[in-house]
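Trainee: Please pick one part of this model and take me through it closely. What is there, and what does it touch?

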Amino acid sequence: MREKSHLKTNADIIAVSYARVSSAQQVAKGQGAESQAARCKEFAKIKGYRVVRSFEDKAVSGSVIERPGMQDLLAYVRKHRKDNIRVLIDDISRLARGLEAHLALRAAIADAGGVLESPSIEFGEDSDSQLIEHLLASVSQHARVKKCGTDAQSNGGVDTHGLLAFLGNSRLSDGTKRRAW
């Protein structure tokens, strides 16, 4: 007769999902949060995890660290620290849209006792994994900054917050208008 193992299996691992959308327009159209949660649940199913709660922040920028849904998630993970909860995100950009914010939230999740996972990236502690993670977080930051500065659909492709706007609206020393293109 075999003795029952006391080792934890994936079926014993509990998880929570986190979703974030940045604009009120995405919320109004029902885009984003629901599909992120569904992808996290599918990932958990593949891994054999049991999702016990879902947390979300709607119409909150990824550059902001203090978010109601994230704070609730961290409190839940802290409360259940002994369970070594997996915190599932759909994509690295859903956690944060900046390297500093990403690192702060990743540390907060770990400090609370959680383990961050995603179907889009395998988080690791080795130097190569950290390099990829930091690059992807930086790319998310770049996309956020670029989106804030340029919206080709609303302003004809002119960067109204950057150098092109300055050049487009400035005058040369002889009084003629400088052209941005």
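Mentor: Contact here means heavy atoms within 4.5 Å. Among contacts between residues at least 6 apart in sequence, 68% join residues at least 24 apart. The model is predicted, so local features need pLDDT of at least 70 and side-chain atom pairs count only at pLDDT 80 or more, while totals for chains, interfaces and linings use all residues. Residues are numbered from 1 along each chain as its sequence is written, and side-chain values use heavy atoms, with hydrogens and water left out.

First, the setting. The protein has 8 helices and 4 strands. Both are DSSP runs numbered from the N terminus: helices are H or I with at least four residues, strands are E with at least two. Along the sequence the pattern reads β-α-α-β-α-β-α-α-β-α-α-α. Of the 181 residues, 35% count as buried (under 20% relative accessible area; exposed is over 50%, partly exposed in between, with a 1.4 Å probe and protein chains only).

Now the sheet itself. The 4 strands form an open sheet, ordered S2-S1-S3-S4, with parallel pairing (two strands pair if DSSP finds at least two bridges between them). S2 (50-58) and S4 (115-117) are the edge strands; each has a single partner, so one side of each lacks a neighbour in the sheet. From one strand to the next, the twist averages 25° (axes are lines fitted to C-alpha atoms, for helices over the stretch in contact; angles run from 0 to 180 degrees between N-to-C directions).

Go through the pairs. S1 spans residues 14-21 and pairs with S2 in the parallel sense over 8 bridges. Here Tyr18 stands opposite Phe55 in S2. Two helices pack on the sheet. H2 (residues 33-47) touches S1, S2, S3 (86-89) and S4, and its direction makes about 155° with that of S1. H3 (residues 68-79) touches S1, S2 and S3, at about 150° to the direction of S2.

On to S3. It runs parallel to S1, joined by 4 bridges. Ser17 has Leu88 in S3 as its bridge partner. S3 and S4 also run parallel, with 3 bridges between them. There, Leu88 has Glu117 in S4 as its bridge partner. Which way do the S3 residues point? Arg86 and Leu88 point one way, Val87 and Ile89 the other, and all are buried.

At 47% relative accessibility, Arg50 is partly exposed. Arg50 and Asp12 are 38 residues apart along the chain, yet their C-alpha atoms are separated by 7.4 Å. Beyond its neighbours within four places in sequence, Arg50 contacts Ile13, Ile14 and Ala15.

Two loop residues deserve a look. Ala59 is found in the loop between S2 and H3. Its phi is positive, about 60°, although Ala59 is not a glycine. Ala59 counts as partly exposed, at 40% relative accessibility. Asn84 lies in the loop between H3 and S3. Asn84 is not a glycine either, but has a positive phi of about 50°. At 36% relative accessibility, Asn84 counts as partly exposed.

How many aromatic pairs does the structure hold? There is 1 (ring centres of Phe, Tyr and Trp, the last by its six-membered ring, lie within 6.5 Å; planes under 30 degrees apart are stacked, over 60 edge-to-face, the rest tilted). The rings of Phe55 and Tyr76 have centres 5.9 Å apart and planes at 55°, so the pair is tilted. Phe55 sits in S2 and Tyr76 in H3, 21 residues apart, so to speak of the pair is to speak of a link between distant parts of the chain. Both residues are buried.

The axes of H3 and H5 come within 8 Å and cross at roughly 25°. That makes the two helices roughly parallel (under 35 degrees; over 145 is roughly antiparallel, 65 to 115 roughly perpendicular, the rest oblique). Met70, Leu74, Val77 and Arg78 in H3 meet Leu105, Ala108, Ile109 and Ala112 in H5. By class, this contact has 7 nonpolar, no polar and 1 charged residues (Ala, Val, Leu, Ile, Met, Phe, Trp, Tyr, Cys and Pro are nonpolar; Asp, Glu, Lys and Arg charged; the others, Gly among them, polar).

H5 spans residues 99-112 and includes Arg106. At 17% relative accessibility, Arg106 counts as buried. Leaving aside neighbours within four places in sequence, Arg106 contacts Leu116, Phe123, Gly124, Glu125 and Glu133.
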